Amino acid sequence: MDWLYGVMNRIYKQGYVGRRAFGRLYWLERLFAARQRTVVDVQRFGLHWRLHRFGNVSESRLLRRPDSFEAEEIAFILDLAVGNFIFIDVGANCGYWSLRIAKKLAGKGSVIAIEPQPVMLERLQFNARINALHLNHILGCTVGIQSGTAMLKLDERNLGRSRVSDTGSLCVEMRTLLEIVEWAALNHVDAIKVDVEGHEDRVLEPFLRNAVDALLPKVIVAECSWSASWEDDWLTCARERGYREIKRTRHHNVILVREG
C-alpha cells in the first residue's frame, strides 16, 4: 500500500483537481483496506509512526498526505527550533508536532506534549518510544481556565475531535496552562500550539492575562475553526500583550508573533 500513499500524497498537492482525484483514490484505498490491517507502520519526516487508517483525521492526514498536513504552520515553528527552544503542544494527538520538533532539537531544548484522550495518549507515547525521542513531559490532562476536573466528550469516528463538554462521558484532570508552565519550572516559552476543538480561548486567555512577560511565547499557533464556540476574546488579549496576527492558514489555524 505504500505506493498508493505516495501517489495520494503527490496528487493532493496539485490544487483543486488533485484534491478531487485524491478523494477517488481514498475510496479505492478503503476497498483494499477492508482486506488488510487497519494499523500500518510507516516512515514520515525521518520518523517512525504507527498509524491507524481510520478513526482519527490527524493520523489519516499524516498517512495519506503528509506534505500537505499543516505544512506551513509547522515549518514556521521548525525554523525557530534551535538551542534551548521550549515548545508546548496542547492537543498533541499522535505526536505530529511534538515528535517533529523534538527530532529537530536533537536532545536540546524542551517539548511538553499534552493529550487528554486516553487512546490518543497511548498512541502518542508509543510513537515517541519507537523513535527513542525524549519528550520532557507527556501529560494526560486537559487544559482550561482552572485546576480540577472536566468532562471529555469522546468522538469515536474521529478520536482527535474529542473535546471538553458538559455532556461528556469521561472525567479527566484539568490544569491551567500557567500552572503547567510553573510546574515544569520553565523560565521561558518559545512557542505554543493549541488544537483543542473549540476550547482554545479557555487555554490561552487566562495564560495571556496572567503570565509575566518572560513566559509569553514568541509564537502561538491555534486552531480557529471552532471560533464560534469561544467564550473569551483571547485574540484581543493577545494583541494587548504585544502579539500580531500574521496569517490564517487554509487549515484553519491562526499564527501570532509577539513583537519585540
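Helix 5 is mostly covered, for eight of its ten residues are buried, where buried means under 20% relative accessible area, exposed means over 50%, and partly exposed lies in between, with a 1.4 Å probe and protein chains only. The buried residues of helix 5 are Tyr96, Trp97, Ser98, Leu99, Arg100, Ile101, Ala102 and Leu105. Just after helix 5, Ala106 takes a positive phi of about 50°. Helices (H or I, at least four residues) and strands (E, at least two) are DSSP runs that are numbered from the N terminus.

This is a predicted model, in which local features need pLDDT of at least 70 and side-chain atom pairs count only at pLDDT 80 or more, while totals for chains, interfaces and linings use all residues. Residues are numbered from 1 along each chain as its sequence is written, and side-chain values use heavy atoms, with hydrogens and water left out.

A pair of aromatic rings is described by the distance of the centres and the angle of the planes. Rings of Phe, Tyr and Trp (its six-membered ring) pair if their centres lie within 6.5 Å, and planes under 30 degrees apart count as stacked, over 60 as edge-to-face and the rest as tilted. A search of the whole structure finds four aromatic pairs. In one of them, the ring centres of Phe87 and Trp97 are 6.3 Å apart and the planes stand at 15°, so this pair is stacked. Because Phe87 lies in strand 3 (residues 86–90) and Trp97 in helix 5 (residues 96–105), the pair ties together parts that are ten residues apart in sequence. Both Phe87 and Trp97 are buried. Trp230 and Trp234 form an edge-to-face pair, with 5.8 Å from centre to centre and 70° between the planes. Trp230 counts as buried because its relative accessibility is 16%, and Trp234 counts as buried at 0%. Ring pairs also link Phe45, Phe69 and Tyr96 into a cluster.

Two single residues can now be followed in the structure. Ser60 lies in helix 3 (residues 57–64), and with a relative accessible area of 16% Ser60 is buried. When neighbours within four places in sequence are left aside, Ser60 is in contact (heavy atoms within 4.5 Å) with Tyr26, His52, Arg53 and Arg65. Gly148 is found in strand 7 (residues 148–153), and Gly148 is partly exposed, with a relative accessible area of 35%. Leaving aside neighbours within four places in sequence, Gly148 is in contact with Val172, Glu173 and Met174. Gly148 and Leu159 are eleven residues apart in sequence, and their C-alpha atoms are 23 Å apart in space.

With 260 residues, a compact globule would have a radius of gyration near 18 Å, and the chain agrees because its own value is 18 Å; the radius is taken over C-alpha atoms, and the globule rule is 2.2 Å times the number of residues to the power 0.38. Along its principal axes, the C-alpha trace spans about 55 × 40 × 35 Å. Of the 260 residues of the chain, 55% count as buried. Among the contacts in the chain with a separation of 6 or more, 65% are accounted for by residues 24 or more positions apart.
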